[in-house]
Amino acid sequence: MNILAWCVAAWLFGIGVYGIVTSRHYVHLIGCLSVCQSATYVLLLGIGFRWHAGPPIFYDHPPGTPAVDPVVQALVLTDIVVGATVTALLLAIALQMQKRRGTLDPQHLRPFRQQK
Amino acid sequence: MSWAVGALLGLSALAGLLVVLSRDPRRQVYALCANGLVLSLLFFALQAPDVALSEIAIGTVVTPLLFLVTLAAAAMNRARR
Amino acid sequence: MSPVQLLPVAVLLPLGLAALLLAVAHWLPPRVADAASVLASLILVALCGWLAVQALHGPVVHWFGGWTPVASGRPGVVLGIGFSADPMSAIIAAFCALLFALSFIFAWGYFDKIHAHFHVLMLLFMAAMIGFCLTRDLFNLFVWFELMSIAAFALTAYPLGSSALEGALNFTVTNALASFLMLAGVGLLYARTGSLDFLAMAKAIARIAPDPVIAGGFVLVATALLTKAAIVPFHMWLADAHAVAPTPVSVIFSGIMVGLGLFGILKLTTQVFAADAQVMALVHEGLFALGIATALTGGLMAWAQRHLKRLLAFSTISHLGIMLTAVAAVSATGTTGLLLYLIGHGLVKGALFMIAGILLARRDSVDELALYREGRALWPVGVVMAVAGLLLGGLPAGSLYAASDLIHESAHSVAVMFVLVFAASLTGAAVLRAACRIFAGWSGTPGVEVTAPTERGREQPDRPLWLMLLPCALMIGVAVLPVDSVAPFAGRAAALLLRPNGQAPIVIASDHVTLGSFFALAMTLAILAGALMRERPTGRIARRAARTERLPFDALQFLHSGLVTDYVAWMAVGVALLAGFLGLR
Amino acid sequence: MNTPARILLLAIALVVLAPAAASLILAMPAFGHPLSHYGMAVNALAPHLRNVSNMVAAVNFDIRGIDTLGEECMLLAAVTGTVMLLRGHRGEGMGEHAGGVPGRKQAPRSDATVLLCRFMATALFLFGIYMVLHGTVTPGGGFQGGVIAASSFMLLYLGEGYAAWRRIVRGPVLDVLEGSGALAYALAAALPLAGGYAALQNVLPLGTWKDLFSGGLMVAVNYAVAFAVIGGFGMLLLEFMEETRAPENDPVPDEENE
């Protein structure tokens, strides 16, 4: 149990990268990217977690009762929302590209063509 | 409580794998939804209700929606070509 | 107002102006956004420059929200986020703002149709760079790093051509991965040190190092910064992105954005990891080797290009490698050299990208073979380009020359120095070759560059030539000025970055010319002459020689495939290289 | 490179990385036993210093407030970039006709759907606002509440149809909402400077414990974030939905390069 969370984080990042490297569709690739991102959330929240402690919100229980680390939660919280807008940006680029090239296969898309 | 955290960690590892292995982007949207749901449950179990709320709004609603709209628009473009 | 009070204005002003422009964009008369952006960046140049001078007597520190280190009432626990302006950070911030001001002038009237969206993104981009220079909190550094990336992603894709979109996607995917790695690294360091403030982290690291978690955190954060700084093997996105971005944006990208990645590494190694021998060994040896590899790869690839913006992009990679060797030295000589090199290279490369922009606006192409003799009517542009090419190739004048002298000195090896000079000469000769072909009509039979990827392009043509030429002539003018007046400041700034208590030696840069200083220039001109006097190989031996010459270039072109899936695989290899180095020691 | 070559490259990298990752994981602090004093200090101090019960909000909007300003600006940059890209050549207007894939049926909307969507959209929007308002007290805040409120626009679209939806949810208004939210945050940071305080210093009255308006400046900053998030996500939904409309004329210009 002591290392499970870290292993899961490493696993998620690893398979996300594997998915990107083998992807044949840009929308799929963007989904894999979000798996990599969720790895960092698992890592950060795991770092702040404390056994037998409540959430860092002292509404139901008074200040002073054990609570988990609020700092990592604050970092993750904003990052999730911003991450969604970045995903939107990527999807917008992919969509425009599909209009121009008619394909979304990363293995057929490259910025410059070699001269023959 | 500890079994719940462990089980959810395992589930989130599986959900991530599912997202990667769903090569058809249309199916991947469902996998993404499931992944968002599992993650938000995990965050809830990790005593992070704030993060869980934002993950459930983003991960299970907004992001899959954007993916769906993108795929729909892409399908329309392809039909027009 | 005291310097401490004015420090946060350096980011709040551009952020606030960007938000305001976005809110009123629909009703804004034309040119207001242009004028406001130029004005704001000039104010920031003055503000950051002034802060740099003030900081010579000790860093200017501002704690946001009044959460000073004593606010927690617990020793060693820093709650808030601080901005800390030391002279080097502040002067680099001022240089960022200067490049933005010039780039806004160059772009005057470029982006009319899009509701000031361009200006909003550029102002956010500028704020992010300034914040990146000034912050002393690791997560805050990540925030500015990420803001910088996001603004850059959107700006790259703006031209909406298929190359621009594909370049932007390569850029976005690699750099987004890099920022996830950085976030993970920040998490690891936080888990071990329990702090995010540079100084508090440094104290904790001095207590617990060496430790695998600290080293792992450093590798992840450094990977992100090296990706931004386009160091081999993380460099592949740069040529795609810089070549397709709109010219005013490329000026910023190549002029300073990538250099900030190196500055970030230097700042972290000196202020956070200085006490960790394991990490410092990685920096001194591992990053040094990567720097040399980058310099060579970039130089060879630049030589083998015909698309001018792509050529300049690879030349940027090469010069980043040269700068990385200075960072890896972590010495007063290297740091002083880095500061001057960042500024000198930024000025020259910014001017060169502007010249490419002028060609795109006036001639609808930047292909040196397609533009053969097309530039003769634009001869003043050719003159500026020739001077810029000579400066890249080692013309003994100005800050770039003085800086490369210091960087060679910090390398402590004649062989390394020779490699660095050779790489820089290749980039200078490549620029001069293009200038000769386009403006003077001297050509020779094209060599390896014939098969390089290229395409036509076009940028808003109806802008006055003088307005586009003015900022780039100005930059070259500043770049050739003697460094005597700024050398003492540069030396002190570098010394204060290395040791804030002022105990580091002060190195005074000099652009003094001796016979030996013409070595680099001679090599550049020799390579250039080789290209211009080249003739079609006729004999059997000559043809075989030409084919052999092509082989390494073809291999390099093959590796720079333009496929983002390859780039991600190479990133994994890069992380493995860094981790493997740590494991072997 | 082809896919097998790339996988081989990745595998080589993983072979090197696996032992490194293993040694790192084994050296990590045990899960559930964090070493950090930072979080504990926040939990101990912030309730008394700021009179708020949600520590995450206290970190986000006060202690590490400048981070959040940066994150809000990322949102601004990403949304502005997305809008710029999607509008591209098609411009700002709205398409009259729904796009479609030939051969796929589109079911007409029933009255019950319209009614349900109207009801649900209102409820969801109000729930989002409720989350924003209670941000400093219970879980919630500008980011989460803003996203939820903005997603209610989607239900409105489902119920009302495209044209009516575009009449209700207007692009320029969302731009103003987004820009003014970020501007308000920047001003909240800058105004204390004019009074001789530190940027973002919380000098407003802090209110009472567990009260809706406790936290002083945090309340204002929280609302500013909510504005920006509602505006930003509303804008994203708007522009992405516009992509599914049939174009008036073919918006894709011929490639200049070919």
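## Aromatic rings

Let's start with the rings. Searching the whole structure, which is a predicted model, turns up 21 aromatic pairs over all chains. One aromatic cluster belongs to chain C, and you can pick out its members one by one: Phe100(C), Phe104(C), Phe125(C), Phe153(C), Phe171(C), Trp237(C) and Phe253(C).

Chain C also has arginines placed over rings. Arg433(C) sits over the face of Trp303(C), 4.5 Å from the ring centre. Likewise, Arg463(C) lies over the face of Phe106(C), with 5.3 Å to the ring centre.

## Where chain C meets chain D

Now turn to the place where chains C and D touch. Here 71 residues of chain C are in contact with 67 residues of chain D. The size of an interface is often given as the accessible area lost when the parts come together. For chain C and chain D, the buried area is about 5,900 Å², and carbon and sulfur atoms give 73% of that. Within chain C, the residues that lose the most area to chain D are Leu22(C), Trp67(C) and Leu79(C), which together make up 11% of what that side buries.

In total, the rule finds two salt bridges between chain C and chain D. It also finds 11 residue pairs in polar contact across this interface, both residues of each pair being at pLDDT 80 or more.

Several elements of chain C give two or more residues to the side that touches chain D, including helix 2 (9–24), strand 1 (60–63), helix 7 (162–193) and helix 22 (564–584). Sorted by class, this side of chain C has 47 nonpolar, 17 polar and seven charged residues.

## Where chain B meets chain D

Chain D has a contact with chain B as well. This one takes 19 residues from chain B and 24 residues from chain D. Together the two chains bury about 1,800 Å², with 81% of the area coming from carbon and sulfur atoms.

How many salt bridges does the rule find across the interface of chain B and chain D? The count is zero.

Notes: Residues numbered from 1 in each chain as written. Chains lettered and ligands numbered in written order. Predicted model: local features only at pLDDT ≥ 70, side-chain atom pairs only at ≥ 80, totals over all residues. Heavy atoms only, no water. Contact = heavy atoms within 4.5 Å. Buried area = accessible area lost by both parts, 1.4 Å probe. Salt bridge = Lys/Arg side-chain N within 4 Å of Asp/Glu carboxyl O. Polar contact = N/O pair within 3.5 Å; in protein donor to acceptor, adjacent residues only side chain to side chain. Helix = DSSP H or I, 4+ residues; strand = E, 2+ residues; numbered from the N terminus. Nonpolar A, V, L, I, M, F, W, Y, C, P; charged D, E, K, R; others polar. Phe/Tyr/Trp six-rings, centres within 6.5 Å; stacked < 30°, edge-to-face > 60°. Lys NZ or Arg CZ within 6 Å of the ring centre and 35° of its normal.
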